[in-house]
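Q: I'd like to learn how to read a model like this one, feature by feature. Can you walk me through it?

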Amino acid sequence: MNKTVRLWVLGVGCAGVALLFVGAFRRLPEFGGSHHPYGARAVAAALHRHTANVVSSVNFDQRSFDTLGEQAILFGAVLGTVVVLRQARDERRVPPEPAVVAPTVRRYALVSLPLTLLVGLYVVAHGQLSPGGGFQGGLVVATALHLLYVAVDYRALERLRPVPVFALADAFGDVAYLLLGLAGLFAGASFLANVLPLGTFNTLASGGLVPLLNAAIGIEVASAAVVLLAQFLDQALELVPREGEHR
Amino acid sequence: MTAERILPLLVAVPLLGAALLVGAGRWLPRYTADVFGLFVSGGTGALAVAQLVGVRGATGPVEWVAGWRPEGGSGVGIVLVGDGAGLGLAALISALVTAALVYSRRFFDEPPPGQAGAFPALLLLFQAGMCGFVLTGDLFNAFVFFELMGVIAYALTGYRVEEARAVQGALTFGFVNSLGGYATLLGIGLLYARTGELGFAQIGAALDAAAGGGDALVTTGFALVATGLLVKAAAVPFHFWLPDAHSVAPTPVCMLLSGVMVELGVYGIARLYWATFAGPGGVPAADAHRVLLVQGVLTAVLGAVMCWQQRHLKRLLAFSTIAHTGLFLTALSALTPEAATGVGVYLVAHAGVKAALFGCVGVLLDRFGSVDERELHGRGRELRFVGVLFAVGGLALAGLPPFGTALGKALCEEAAGPGATVLFVAVSAVTGAAVLRTAAGVFLGAGEPPAGPPHFPRAAARGPRTEHRSAATGGRGAGESGTSDEHDTAPGPEQEGEPETTGSGEEPETAGPVTRAPDSMLVATTALLAGGLAVGCVPALWPHLAHAADGLSDHSAYIAAVFGSPETPPASTAPNWKVSGVLLDLLATLLALVLARTAPRITAGTRRAAWARPLRRLHSGHVGDYVACTVAGMALLGLLLR
């Protein structure tokens, strides 16, 4: 197809899809209504299980099997990236140069690093109580570590985050989620069943299995983000084509 | 532990295996990693088979994960349905993954450093995603596993990153499939907004309960969710990613993509329609019939036409997969339990046969560093056994009794009517003939020697592998690299200046030159072909397939089973061979042989018929073209549903 034809095909297709959507949207429930069938059920179920953060209750209890699939996607995406961005036959590794960082940037990053780390850990730990949880907090923790790259340089980051350790932690988070699920089976209930004591509503140890699954996800997401970024940073900063190669 | 409780393990066990392989990959020798992977995938398969044997009648065990059984008719949880179709497909998936793992024992000289388990781990994740997709009774959960399949498949397709073409093929695959995924998610959003439910059965029950039947929202929801599934199923015009991905993916990955992942799209459509939309509040049967028939016929014809014109063997097989998916959709359009049985038989047998054909091509690739029909001409004489396997696979594809493909084809013809029968005979004859023609040329040296100067770049001298990359990427941008029908090679004189994907100069996948085909490859390939034969020869399998189809195609029985009051629908009789079907199968086989016999005499130049040129030009390898066609296809779906 040349450009004109392609744009015409795309244009006609988009117009058709837009018509479909207009037709469908006219039949949607009115905006701002009070009829929320799933929401009502999910909130009731979350309260029943002593989980203050309903979203976490959906993620780690009511639909924890979805989360199993989602964490597998993340795990698989990281593994796929490791495989695809591996050091190819025609690449060699060069140590990164020390970098000069403006003092203000360095000061700011060094102050915000421990703060960010703390916030991340807080968000993971309080997933069952307040907005946030393993997915969000894990990413904040991974971001905190990478402030070291901003504050000092890539060599400092490499020293602080040994990729093999984080790759292992990534797998550990995945295994932990699965083993917590299997624990339900061994307790005589279903896979991923919330069989632990539910605790007192709105305290750190409430929700039964929720905080544990949440922590497993926190470990996995933080390590996965570190490993993932390490692959891209390596590719950008350390791996260069061998002499005489064109890329 | 009861049967229901076991269901989630079919997903959890391969996931656990993959995580352990990655975690321990640094310390594992490759052999241990491979054996462990085999053990896990085979064990999962055994679990699925054990469950399947326990399924009585049309419906099987139903498990609410984490114990969220609905109270008073509405719940918040995810349900897994281990009916015949779901468990049967899980068993098929596990068998194919196991075969692919055996096959790849001698593959990939260079696992990523410290990651000996990476490839088996990816295959196990792929298995988990596919098993989850077929077992779940929840639309959103199916989307999650659909995405898991996708992510792993992109990585597996791009496994050989040293070649720009592999990256390009994986990227195209990723673009088109992600677009389909977004469409599915939007559709789920619409259906959720209407019903407040996410399960197949729950949405279906809510739609049926609403007065007035299906409206614009319901049909749009169906069209959008179906878009993602049709992209997976490679139905025209959503199919463009498939040949590009297949021509670059490692052979064991092709086995899984063509053998079962693409067919899961067909399964998804069947499950979606019958479980959710077949009731009074869903999509009228006439509309669903029209959509499936138009998509199926278009796909079958295009697949067959393009298949015949390929010389790149993996591309040839890829287009034959498209043709057969078209046949599955055409048969499915009858929307009867008999049609579902026919498609089931055909699909399972096709999985074995197609994977075996890819297995044979993989051996050629390793022996000669080429998958170009013309370049390989006559050079396969030394691989007599592989030649026999390949030719038998071609015959099975054409529909030679007693292969399962022949039984499935006959059942589909019977269910879909006389008009469709012509299509079935023609398409299976053409795709079978394309394989047979290649078999005769490559393994017997039949017909004319290749036109143009012969060049044997890879087999003559397998130099240091670093050279290949510069050869593959040098001076050519990724955008125009050759995974398409219109780029890649310098045009030959007989091509009137039209370039073509030849399949020569491919990167071999094994460590060194293979002096003889490794046993692991031959064992896996033979077993797969035997599986395709067994579907047609082992009558004990047929009642199971009929039960699976009964359960799949019964709207109210599915909903009743999910809500805990299983009813036993009237069981249809087990399929069997019929004289008329056998005669039509033999006719298709004969046609294929005649076509293949005449083919080598026609020079390859004229085989690329001028009239099909616009069709070839459409497969340009340009992601923009593919995206435009996908969006246009969504509009077409909407139009057909009006």
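This is a predicted model: local features need pLDDT of at least 70, side-chain atom pairs count only at pLDDT 80 or more; totals for chains, interfaces and linings use all residues.

Q: What secondary structure does chain B have?

A: Chain B has 26 helices and two strands. For how the chain folds back on itself, look at contacts between residues at least 6 apart in sequence: in chain B, 84% of these join residues at least 24 apart.

Q: Is α4(B) mostly covered or mostly exposed?

A: Mostly covered, with 20 of its 20 residues buried.

Q: What about a pair of helices? At what angle do α17 and α23 of chain B pack?

A: For a pair, take the angle and the axis distance together. Helix α17 (418–444) and helix α23 (579–598) of chain B pack at about 40 degrees, their axes 7 Å apart. Because an angle between 35 and 65 degrees counts as oblique, α17(B) is oblique to α23(B). The crossing of α17(B) past α23(B) is right-handed.

Q: Which residues of α17(B) and α23(B) meet?

A: On the α17(B) side they include Val425(B), Ala429(B), Gly432(B), Ala433(B) and Leu436(B), and on the α23(B) side Leu584(B), Leu591(B), Ala592(B) and Leu595(B) are among them. By class, the contact of α17(B) with α23(B) has 14 nonpolar, three polar and one charged.

Q: How are α5 and α6 of chain A oriented to each other?

A: Those helices, α5 (103–125) and α6 (134–151) of chain A, pack at about 165 degrees with axes 8 Å apart. Angles over 145 degrees count as roughly antiparallel, so α5(A) and α6(A) are roughly antiparallel. α5(A) passes α6(A) in a left-handed crossing, and their contact has 16 nonpolar, eight polar and one charged residues.

Q: Last one: how many residues does each chain bring to the contact between them?

A: The size of an interface is often given as the accessible area lost when the parts come together. Here we have residue counts: 70 from chain B and 65 from chain A. Elements of chain B that each supply at least two residues to its side include α2 (9–24), β1 (62–64), α7 (164–195) and α26 (623–641). That side of chain B has 43 nonpolar, 18 polar and nine charged residues.

Technical notes:
Residues are numbered from 1 along each chain as its sequence is written. Chains are lettered from A and ligands numbered from 1 in the order in which they are written. Two residues are in contact if their C-beta atoms, placed from the backbone, lie within 7 Å. Helices (H or I, at least four residues) and strands (E, at least two) are DSSP runs, numbered from the N terminus. Ala, Val, Leu, Ile, Met, Phe, Trp, Tyr, Cys and Pro count as nonpolar, Asp, Glu, Lys and Arg as charged, and the others, Gly among them, as polar. A residue is buried if 20 or more other C-beta atoms lie within 10 Å of its own, exposed if 12 or fewer, and partly exposed in between; C-beta atoms are placed from the backbone. Axes are lines fitted to C-alpha atoms, for helices over the stretch in contact, and angles run from 0 to 180 degrees between N-to-C directions. Angles under 35 degrees count as roughly parallel, over 145 as roughly antiparallel, 65 to 115 as roughly perpendicular and the rest as oblique. A crossing is left-handed if the near helix is turned anticlockwise from the far one by less than a right angle, and right-handed if clockwise.
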